[in-house]
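Please keep the structure in view while reading.

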Amino acid sequence: LGKQICLSIRMRLDCRIINRQGAVRARYNVLNEVVIDRGGSPYLAALECFCDDVHLTTVQADGVIFATPTGSTAYSLAAGSSVVHPAVPCILVTPICPHVLSFRSMVFPDHVVLRCFVPDDARDEASVAFDGKHRQTLRRGDSVLVKMSAFPVPTINRKDHSSDWLDSLKRNFNFNARPRQQPL
């Protein structure tokens with residue numbers, strides 16, 4: 001009693017699957033990441049990605065990850081992206097085993113709208129999962145729209161958001177831990 005409680009606000013992503021006709025097939029709020037991948041297909045995923053309706057890239061890869069800063073320490077990190085402090089308002093886009101070396105992880109401000117669709121000339125359909133759940137098939141012409149959710153998640157901290165986050169990185173990942181060099 002009498003102590004302050006420190007809250008952090010963790011952003012989420014508002015994700016929608018939209019069919020060729022423009023109808024919303026499904027909608028999810030995710031805390032960590034949205035993964036669009038090749039699913040069970042033997043072919044690379046073929047996807048067209050846009051940022052605010054400007055063509056971003058043509059993806060030929062095992063897939064692509066759209067992550068929040070909270071999700072930056074999960075699948076996105078394993079795929080080669082950066083670790084991002086949870087107070088940074090951004091969306092990370094990370095390729096999964098891209099076919100070209102020039103497709104690298106990117107960080108976008110939280111106000112953009114990202115869209116990824118399966119083109120008609122794709123060799124196969126794709127698959128999408130939201131925080132590792134609700135896996136669904138994306139048919140040719142289907143899109144996934146990703147933007148910041150209007151409904152963030154409040155979290156209670158032991159100390160403050162930076163201390164708790166850094167302690168978690170050190171505890172769970174042995175982050176930047178190594179023996180100190182001995183003097184000569």
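## The largest pocket

A pocket is an open set of grid points, where a 1.4 Å probe fits, with protein on both sides within 12 Å along at least five of seven lines, and its volume is the space filled by probe spheres set on the points. In this structure, which is a predicted model, the largest pocket has a volume of about 280 Å³.

The lining of the largest pocket is made up of 16 residues, and those that lie nearest its centre are Arg 10, Thr 70, Thr 73, Trp 165 and Ser 168. Two elements, strand E13 (153-157) and helix H2 (161-173), each give two or more residues to this lining, and H2 gives the most, with seven residues.

## Arg 10, a buried charge

Arg 10, one of the residues nearest the centre of the largest pocket, lies in strand E1 (residues 6-10). How far away is the nearest side chain of opposite charge to Arg 10? That side chain belongs to Asp 164 and is 7.3 Å away, and Arg 10, although buried, has no salt bridge; the rule asks for a nitrogen within 4 Å of a carboxyl oxygen.

The side chain of Arg 10 does make a polar contact, at 3.1 Å, with the side chain of Thr 70. When neighbours within four places in sequence are left aside, the residues in contact with Arg 10 are Leu 31, Thr 70, Pro 86, Pro 152, Val 153 and Thr 155.

## Salt bridges across the chain

Side chains of opposite charge can pair when their charged atoms come close. The count of salt bridges in this model comes to eight. In one of them, the side chains of Arg 27 and Asp 14 meet at 2.8 Å, N to O; this pair links distant parts of the chain, with Arg 27 in strand E3 (residues 24-30) and Asp 14 in strand E2 (residues 13-18), 13 residues apart. Arg 27 counts as partly exposed because its relative accessibility is 49%, whereas Asp 14, at 5%, counts as buried. Asp 14 and Arg 27 are also linked with Arg 16 in a network of salt bridges.

Another salt bridge joins the side chains of Arg 25 and Asp 142 (2.5 Å, N to O). Here Arg 25 is in strand E3, while Asp 142 is in the loop between strand E11 (133-138) and strand E12 (143-148), and the two are 117 residues apart. Arg 25 is partly exposed at 31% relative accessibility, whereas Asp 142 is buried, with a relative accessible area of 5%.

Notes
Residues are numbered from 1 along each chain as its sequence is written. This is a predicted model: local features need pLDDT of at least 70, side-chain atom pairs count only at pLDDT 80 or more; totals for chains, interfaces and linings use all residues. Side-chain values use heavy atoms; hydrogens and water are left out. Helices (H or I, at least four residues) and strands (E, at least two) are DSSP runs, numbered from the N terminus. Buried means under 20% relative accessible area, exposed over 50%, partly exposed in between (1.4 Å probe, protein chains only). Lys and Arg count as positive and Asp and Glu as negative; His and the chain ends are not counted. A polar contact is a pair of N or O atoms within 3.5 Å; within protein, one must be able to donate a hydrogen and the other to accept it, and residues adjacent in sequence count only if both atoms are side-chain atoms. Contact means heavy atoms within 4.5 Å. On a 1 Å grid over the protein atoms alone, a cavity is a set of points where a 1.4 Å probe fits but cannot get out, and a pocket is an open set with protein on both sides within 12 Å along at least five of seven lines; lining residues have an atom within 4 Å of a point.
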